[in-house]
Amino acid sequence: MKIHQPRAAIIVPAYNEAQKIGQVLAKLLELDFPVVVVDDGSPDETSAAASQYPVHLLRHACNLGQGAALQTGFDFALRRLKPACLVTFDADGQHEVADIPRLIEALNSGGYDVVLGSRFLPGGSAPHMRTRRRLMLKLAVLFTRLSTGLPITDTHNGLRALTAEAAGKIRITQNRMAHASEILAQIADLQLRWCEVPVTIVYSSYATQKGQSLLESVNILWDIVSGKMK
Amino acid sequence: MNIEPSQILLIGALLVFGFYVFRVRTLLTDRIILFLLSLGGIVLVLYPNLTMTVANKIGIGRGTDLLLYFFIIFSLFAFAGYAAQIKNLERKITLLARQDAIRNAVQGGVEGEKPTPGEEG
């Protein structure tokens, strides 16, 4: 039995992305890294669409949340594929595949444990981003700076690269959208070496529908606070 | 003592509730607490002025206010307990769904789904 140890494995959590996931996977496969799709209990044909491509496909029996899907992807990839690093990538077409090699390059050449994508750094971009979204993201940045001390410019960007070791140390317990803040908090607690790299976020009318509402932001805040009270 | 119809109804309700929960909760401590609460409830229904005496002693105006405060605090603890239980359940469901997802991973492709080869060592 050949033990395959790829340079990177791409983790793609997906929920109700039957429309978009085919395009996303087709582009990702051009990089020639193994791709792990975690279907988070989608009621639509997400799994059927993904199974058309030579990717690893996992399915949650019920919808748990993007955080849970990521952790499932991590566990599978680290255990079965043993890659040198993991890349998290959204299934809705907001991320650019072309940004992935730069994240991996930064991870390797800079000796970092985690490389985070940022749309707000010079060189990054987020065309057509709504003002309300920008405001909420900026508030999230402020909150993260206050609670973790980390001067991160884009705290809710699903595009990240982590070394296998760093991914193994991180344990995502927040199933839903508070997982992004939880990852950052763990980076701070574990004192992982991190950096940010400019990336492009593509907003389409499709993606904007799926963005977080103000109500969801309140829920995220509550999840974080109650998580800390355990 | 002159027994009012309302008292009969309340005591009846407490007894029914008591028996029902007695069958559901088998833990001895639960049953003891339940028995004491039901007994306390029946006593207060028969002698409602007790609440007034106790309330006045600790600086509350009415007996009903005392019962209300007691109920509020009891409820807050109960809700906190349920919230903790729910969180625990969610954690367990996540672990189960994750294990199931990893065990049943497949590989997609032109030939259709194939199971992922099992773990090596």
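## A salt bridge within a helix

A salt bridge, defined as a side-chain nitrogen of Lys or Arg within 4 Å of a carboxyl oxygen of Asp or Glu, joins the side chains of Lys169(A) and Glu165(A), with an N to O distance of 3.5 Å. The two residues are four apart in helix α6 (residues 164-169) of chain A, so about one helical turn separates them. Helices and strands are DSSP runs numbered from the N terminus (H or I of at least four residues for helices, E of at least two for strands). Glu165(A) is exposed at 57% relative accessibility, whereas Lys169(A), at 43%, is partly exposed. Here buried means under 20% relative accessible area, exposed over 50%, and partly exposed in between (1.4 Å probe, protein chains only).

## Basis of the values

The model is predicted: local features need pLDDT of at least 70, side-chain atom pairs count only at pLDDT 80 or more, and totals for chains, interfaces and linings use all residues. Residues are numbered from 1 along each chain as its sequence is written, chains are lettered from A and ligands numbered from 1 in the order in which they are written, and side-chain values use heavy atoms, with hydrogens and water left out.

## Other salt bridges

Over all chains, a search of the whole structure finds seven salt bridges. One of them pairs Asp113(A) with Arg193(A) at 2.9 Å, N to O. Asp113(A) lies in the loop between α4 (100-110) and β5 (114-118) of chain A, and Arg193(A) in the loop between α7 (179-189) and β7 (194-198) of chain A, so the pair ties together parts that are 80 residues apart in sequence. Asp113(A) is buried, at 11% relative accessible area.

In chain B, the side chains of Arg25(B) and Asp30(B) form a salt bridge of 3.0 Å, N to O. Arg25(B) is partly exposed at 43%, and Asp30(B) is partly exposed at 22%.

## Nonpolar cores

A nonpolar core is a set of buried Ala, Val, Leu, Ile, Met, Phe, Trp, Tyr and Cys residues joined through side-chain atoms within 4.5 Å. The largest has 32 residues, of which Ile10(A), Leu28(A), Val37(A) and Phe89(A) touch the most other members. Elements of chain A that each supply at least two residues include β1 (8-14), α1 (21-29) and β2 (35-39). The largest share, five residues, comes from α4(A).

Leaving aside residues up to four places away in sequence, Leu28(A) is in contact (heavy atoms within 4.5 Å) with Ile10(A), Val12(A), Val35(A), Phe89(A), Val97(A) and Ile100(A). Apart from this core lies another, of 28 residues, including Leu70(A), Leu162(A), Ala101(B) and Ala105(B).
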